[in-house]
Amino acid sequence: MKKQILSLAVVALLAFAVQSCEKKENKPAEDELTLGNKVDSLTTDIEEVKDSAVSKAESAATKAKDATENAANDVKDATKKAANDVENAAKKTATDVKDATKKGAEKVENAAKAAKDGTVKTAKDVNEALKK
């Protein structure tokens, strides 16, 4: 009976050894498959990073373009406002000069009329006529 138990034990060990050897042979294939999966995964990751970088670059370019257009519009608007302000100031100055010239001409005209009418008796009267 001991021989039978020993024989069974030997057969079990051999079966276990054969089973272990079979697993070792399959393991390299599994490693290669895993390595292939890793390569595929890394390739996918690289593609995603590249796509993300391109997307971010395009977004940054769009933002830069928009900022440039906004700055150009701001400069254009400021230039128009400055031109309008200068034009309005020039019109006001022209009106002020015109009014001052008209008042001066009226004073000279009044002094000339007074002198012509003979109502001016002295230089003092002429000065007062000019003040009016």
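**Salt bridges and accessibility**

Biologist: K92 and D96 form a salt bridge, with their closest N and O atoms 3.4 Å apart. What makes this a salt bridge?

Modeller: The term requires a side-chain nitrogen of Lys or Arg within 4 Å of a carboxyl oxygen of Asp or Glu. The 3.4 Å between K92 and D96 is within that limit, so the name applies. This is a predicted model, in which local features need pLDDT of at least 70 and side-chain atom pairs count only at pLDDT 80 or more, while totals for chains, interfaces and linings use all residues. Residues are numbered from 1 along each chain as its sequence is written, and side-chain values use heavy atoms, with hydrogens and water left out.

Biologist: How are K92 and D96 placed in helix 1?

Modeller: They are four residues apart, which means a separation of about one helical turn. Helices are DSSP runs (H or I, at least four residues), numbered from the N terminus.

Biologist: Why is K92 called exposed, and what is D96 called?

Modeller: Exposed means over 50% relative accessible area, buried under 20%, and partly exposed in between (1.4 Å probe, protein chains only). K92 has 54%, so it counts as exposed; D96 has 38% and therefore counts as partly exposed.

Biologist: How many salt bridges are found in the whole structure?

Modeller: Three are found. Among them is the one between D85 and K81, at 3.1 Å from N to O. K81 is exposed because its relative accessible area is 53%, whereas D85, at 40%, is partly exposed.

Biologist: What share of the protein chain counts as buried?

Modeller: Of its 132 residues, 2% do.

Notes:
Helices (H or I, at least four residues) and strands (E, at least two) are DSSP runs, numbered from the N terminus.
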